Amino acid sequence: MPKRRIWSALAVLLVLAVLLTGCGGGGGSRQQSQAPSSSGSTTSQAATREITIVLSDFKFEPAEITVKRGERVRLTLQNTGTVAHDWTVRDLNLASPRVQPGQTATYEFTVDRVGTFTSVCVEAGHEALGMTGRLIVEN
Ligand SMILES: [Cu+2]
């Protein structure tokens, strides 16, 4: 009876297909749970925070940076513009070196006050042209 064999074979295939698709669906939704990472416990190390700001005509990129009170900050100021620029926070007496077009300078500082401060480029007219940003100091 060859016909019955064929039907039996088809039935077996059908069952296998259902089992395989069932397994595939179940396996995909399984997720490995990982141990929670304790990211807060390593911030006590006194590492220098490195931040790069691109100075262009006439903006800071990023305009806003955030640091922690008391930590050493090293700014890398990269001037991609066509005129000299700087990065100054008057309220904190922070003033970077003047960076010539195409040049890069570094400026290190530490802030002991928490708050949000305005940063500007003090080259003539640049602040008025929108070359301002914010320095946020967190505890
Ligand atoms: Cu400028």
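**Loops, sheet, copper site and rings**

With a relative accessibility of 72%, N93 counts as exposed; the cut-offs are under 20% relative accessible area for buried, over 50% for exposed and in between for partly exposed, with a 1.4 Å probe and protein chains only. The model is a predicted one, in which local features need pLDDT of at least 70 and side-chain atom pairs count only at pLDDT 80 or more, while totals for chains, interfaces and linings use all residues. Residues are numbered from 1 along each chain as its sequence is written, and side-chain values use heavy atoms, with hydrogens and water left out.

Back to N93: this residue sits in the loop between strand 5 and strand 6 (94–95). Its phi is positive, at about 55 degrees, even though N93 is not a glycine. Strands here are DSSP runs of E with at least two residues, and helices would be runs of H or I with at least four, numbered from the N terminus.

Two cis peptide bonds are worth a look as well. One joins D57 and F58, with omega at about 5 degrees, and F58 belongs to the loop between strand 1 and strand 2. The other runs from E61 to P62, where omega is near 0 degrees; P62 is placed in the loop between strand 2 and strand 3 (64–68).

Strand 1 has partners on both sides. Residues 49–56 of strand 1 pair with residues 72–79 of strand 4 in the parallel sense, over 7 bridges. Within that pairing, T52 has T76 as its bridge partner. Towards strand 2, strand 1 runs antiparallel and is joined by 3 bridges, with V54 opposite E61.

S56 lies in strand 1, and counts as buried because its relative accessibility is 15%. Leaving aside residues up to four places away in sequence, S56 touches T80, G81, H85 and M131, a contact being heavy atoms within 4.5 Å. Two of these neighbours, H85 and M131, are also among the protein donors of the copper ion.

What are the protein donors of the copper ion? They are H85 (ND1), C121 (SG), H126 (ND1) and M131 (SD), at 1.9 to 2.6 Å from the metal. Donors are N, O and S atoms within 2.8 Å of the metal (3.2 Å for Na, K and Ca), and sites may look incomplete since water is not among the atoms. Along the chain, the spacing of these donors reads H-x35-C-x4-H-x4-M. The arrangement is tetrahedral because the 4 donor atoms subtend angles of 88 to 134 degrees. For four donors, tetrahedral asks for all angles between 85 and 135 degrees; square planar for four, and octahedral for six, ask for opposite donors over 155 degrees apart and all others between 65 and 115, and anything else is irregular. H126 and M131 are both buried.

Finally, the rings. The count comes to 2 aromatic pairs, under a rule by which rings of Phe, Tyr and Trp (its six-membered ring) pair if their centres lie within 6.5 Å, with planes under 30 degrees apart called stacked, over 60 edge-to-face and the rest tilted. W87 and F109 are stacked, 5.6 Å centre to centre with 20 degrees between the planes. This pair links distant parts of the chain, 22 residues apart: W87 is in the loop between strand 4 and strand 5 (88–89), and F109 is in strand 7. The pair of Y107 and F109 is tilted, because its ring centres are 5.5 Å apart and its planes stand at 35 degrees. W87 is buried at a relative accessible area of 1%, F109 is buried at 3% relative accessibility, and Y107 is buried at 13%.

Terms used:
Pairing = 2+ DSSP bridges.
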